[in-house]
Amino acid sequence: MSSIFLRGGLIVGESSTAVGDVLVVDGRIAGVGDVGEVPSDALEIDASGCWVGPGLVDLHTHLREPGREEAETIESGALAGAVGGFTALVAMPNTEPALDNVALVSYVLDRGERTPIDVAVAGAISVGRRGEMLAPLAEMAALGVRLFTDDGIGVQNPALMRRALEYAKPLGVRLAQHCEDELLAGGGSMNEGALSSRLGLVGRPALAEELMVLRDIELVRLTGGAVHFLHLSTRRSLDMVVAARREGLPVTFEVAPHHFTLDETSCEQFDALFKVHPPLRPRGDVDALRDALRAGLVDAVATDHAPHAPELKDLAFDEAPAGMLGLEHVASLTFEALGGPEASAVAFYALLSRGPARIAHLRAGDQRVRHSAHGGSLSPGEDANLMVFDPAARWTARSSALHSRATNSPYDGRELVGKVRATIAKGTLVAFDGELA
Amino acid sequence: MTTSIRGDNLLSLDRVSKEAIVEILDTAESFVEVNRRSIKKVPALKGRVVASLFYEESTRTRLSFETAAKRLSADVLSLAVASSSVKKGESLRDTISTIDALGIDAVVLRHQSSGAALQVSRYVPHVRVINAGDGLHQHPTQGLLDAFTVRQILSERAGTSGLESGAELFRGLRVLIVGDVRHSRVARSDIAAYVTLGCDVRVAAPGTLLPVDIENWPVSVVEDFDEALEWADVVGLLRLQRERGSGSFVPSLGEFTQTFGLTSERAARLRPTTIIMHPGPMNRGVEIDSKVADLPCAVIERQVANGVPIRMAVLYLTVAGSKEEVVL
């Protein structure tokens, strides 16, 4: 019988907080607040001054396996996630080959089970993510897949997207869209505007994203199918989806840490570490995302953790692949965006745990296979997936200290406030103070 | 803002000051004389090694740089990547590190990607990097040799010397840049040079070949190309970059010629003193009519000739260049 005793933290519930203890016994939360007798062999963690909330859930992780194991594996990504505070990751299907069938989904789920945290899978919407034919959504749904996406690229063909929504709706699954019209984005490598023009880089206009957001909102209205909008990056995209949600349409959205932390001027030195799709936007959009986070309008923060081998990020800007790491820094960056010392602990766990768990169907009682429950209310009896966060810690991000196989983090040298202190997954301490436990 | 390129890299003409440009032009002036000697060589860079690294095919720019380096007595390592075994996809960092291991003082880089020269300058901070054209971004020595050519012609006409005139002859000079501004590194460098030197610069192009943010550029867009030809003191034509896919930016080459080509009929509107320039290689019959290219006011070969002293000046200033050293 293994147990963990978290002493004296600020316990962050769904809408309120209270100082108290948390006792974990045999994979479940055994007591909260006044926990009574603590087993003598319990691992005790001093959580005073820290927040104790549900383990983080990432809706958007590129684990690269199979196909790009030099950049990341399911295991290395899961460990990086554990250090970053995550107890569950949703693996994106743009592997090589793509996760578009039962065999490959099963492979990733099996490998995921050998890691200390939960690895869920998002299946591809179309065969090979080619945007031509529907992938076997129902078969993959039977394995517990609840999100489908061709991420890396959006479903370009509106007729296919409509058909996918009609097919997905009765299955009770959600489609997640990478919104960028590739014809309009036209091979660009950074945000289109005065800066791209001066740098001689072909731009990806904001409109390429916004047109697809608009299109998919209308397809949701037409079909009643649910869409989760991945990594929205512009003010207008947010405005449209927030308005659609207020109308009662089944839409949700996430924002990625790089989009609310970095702006397009990061590209000025042609360093491909800062190349990402959708691209880093002007300061006005970055501020709009931060405002939305603080206003409680965002459903989830998701990393779009995208490992790439170093030699690929040494290519010229327009030739290098898009994407950057995020798992190990997102908690601190979200804390910073929420106002640092003024950040709301409830909002923090809503964005990084409870919101994404709801979208990914990873909560207790959600129809699922193989996974423990995430994003809970911290009540006795729940699966013990917890994250302890120290809001007062100050540290410096170092790419050399990452647990990912890849090092393409854009945050090297950045001063951060707030740090993941401990990650407890399925009742076991898996990471402590930036290191694997 | 760069106030002198001495001992520095030359990656862009963006944010290079008027004094810095005039210093380069004046230095080039002294090298023109060297090029007229029977023994066209000075020992300024004797013992220095200049690598020329061309990822894109280029005849004139490469020959021009290598000639310039040799006339300064530098040793030249020439790697034509486009036709060598370096495959696309090898990292720029690996290639430059290999060459650096041979011991070089400067690298002249031509690359199809914007920003490649700046990236290389990060990989080998102890080596001077000269951008010989990067993607759609910059081609600084072209901008410099164009300005140099204009100053040379105007000072000859004024009966003065380039050295004496400094930047004076550029003040209010009416420059019209025509064609594919959006995809042109030459346009970006030319406009930076001309505007910094005090010219009034206008551009003429179909809407699709103007930069997306043209309203932010320090130029105006002409409404009537034919009228603008009468206005201009200098007409700088740009190559229609077919290889960059700009073909789909105009309905046809024929239509481009009809609307923005310097045809014989249009050339008749030019004042006899108007200077016609083209960075080459020309698409004769597309952006410029063959007959127009051979008019006396078309100074295309002179541009090529001036490439050598300009590149000598750039190599000299960047590689030899502490402020104390005296020219020659």
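Guide: Helix H1 of chain A, residues 74-83, is largely enclosed by the rest of the structure, because 9 of its 10 residues are buried. Here a residue is buried if 20 or more other C-beta atoms, placed from the backbone, lie within 10 Å of its own; helices are DSSP runs of H or I with at least four residues, and strands are runs of E with at least two, numbered from the N terminus. This is a predicted model, in which local features need pLDDT of at least 70 and side-chain atom pairs count only at pLDDT 80 or more, while totals for chains, interfaces and linings use all residues. Residues are numbered from 1 along each chain as its sequence is written, and chains are lettered from A and ligands numbered from 1 in the order in which they are written. Among the buried residues of H1(A) are Ile74(A), Leu79(A) and Val83(A). After H1(A) comes Gly85(A), with a positive phi near 100°.

The contact between the chains takes 18 residues from chain A and 21 residues from chain B, two residues being in contact if their C-beta atoms, placed from the backbone, lie within 7 Å. On the side of chain B that touches chain A, helices H3 (92-101), H4 (116-123) and H7 (185-197) of chain B each supply at least two residues; H4(B) gives the most, with 3 residues.

Ser113(B) lies in the loop between strand S3 (106-111) and H4 of chain B. Ser113(B) is buried, with 25 other C-beta atoms within 10 Å. Leaving aside neighbours within four places in sequence, Ser113(B) is in contact with residues of both chains, including Phe317(A), Asp318(A) and Asp134(B).

Notes:
Buried ≥ 20, exposed ≤ 12 C-beta atoms within 10 Å, placed from the backbone.
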